[in-house]
Amino acid sequence: MSDSHVKKHDEATFELKLPINKPKVLWMKDGKPISPSDSKYNIEHGRYARLIVRDCMPDLDEAKYTAIIGDQEVSAHLTVQDYIEILK
């Protein structure tokens, strides 16, 4: 899993390959569990575990995202670039 840099309103995807036995993955945002029922996120499990963050916003979604599998964890940061308006 690696850091993600996206533009405001884009989607960000965090992905990791799972062992054959497909263990349960717990996703966290800044140390707090992400609920699978939260419509902001799409959580997929299979041979790969994926967390998709929809409609990314700088103040709301920039964070450290962590996948916990048993006693192991892997983390990555999300950075959301806001639009810059250039006036002439």
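By contact I mean heavy atoms within 4.5 Å. This is a predicted model, in which local features need pLDDT of at least 70, side-chain atom pairs count only at pLDDT 80 or more, and totals for chains, interfaces and linings use all residues. Residues are numbered from 1 along each chain as its sequence is written, and side-chain values use heavy atoms, with hydrogens and water left out.

I begin with Ser-4, which belongs to strand E1, residues 4–7; helices (H or I, at least four residues) and strands (E, at least two) are DSSP runs, numbered from the N terminus. Apart from neighbours within four places in sequence, Ser-4 is in contact with Ala-12, Phe-14, His-77, Leu-78 and Thr-79. Is Ser-4 buried or exposed? Ser-4 is buried, because its relative accessibility is 11%, and buried means under 20% relative accessible area, exposed over 50%, and partly exposed in between (1.4 Å probe, protein chains only).

Next, the backbone. Most residues other than glycine have a negative phi. His-9, in the loop between E1 and strand E2 (12–17), has a positive phi of about 80°. Asp-55, in the loop between strand E6 (48–53) and helix H1 (58–61), also has a positive phi, near 45°. His-9 is partly exposed at 41%, and Asp-55 is partly exposed at 37%.

Finally, Asp-61 lies in helix H1 and is buried, at 2% relative accessible area. Beyond four places in sequence, its contacts include Lys-29, Tyr-41 and Leu-78.
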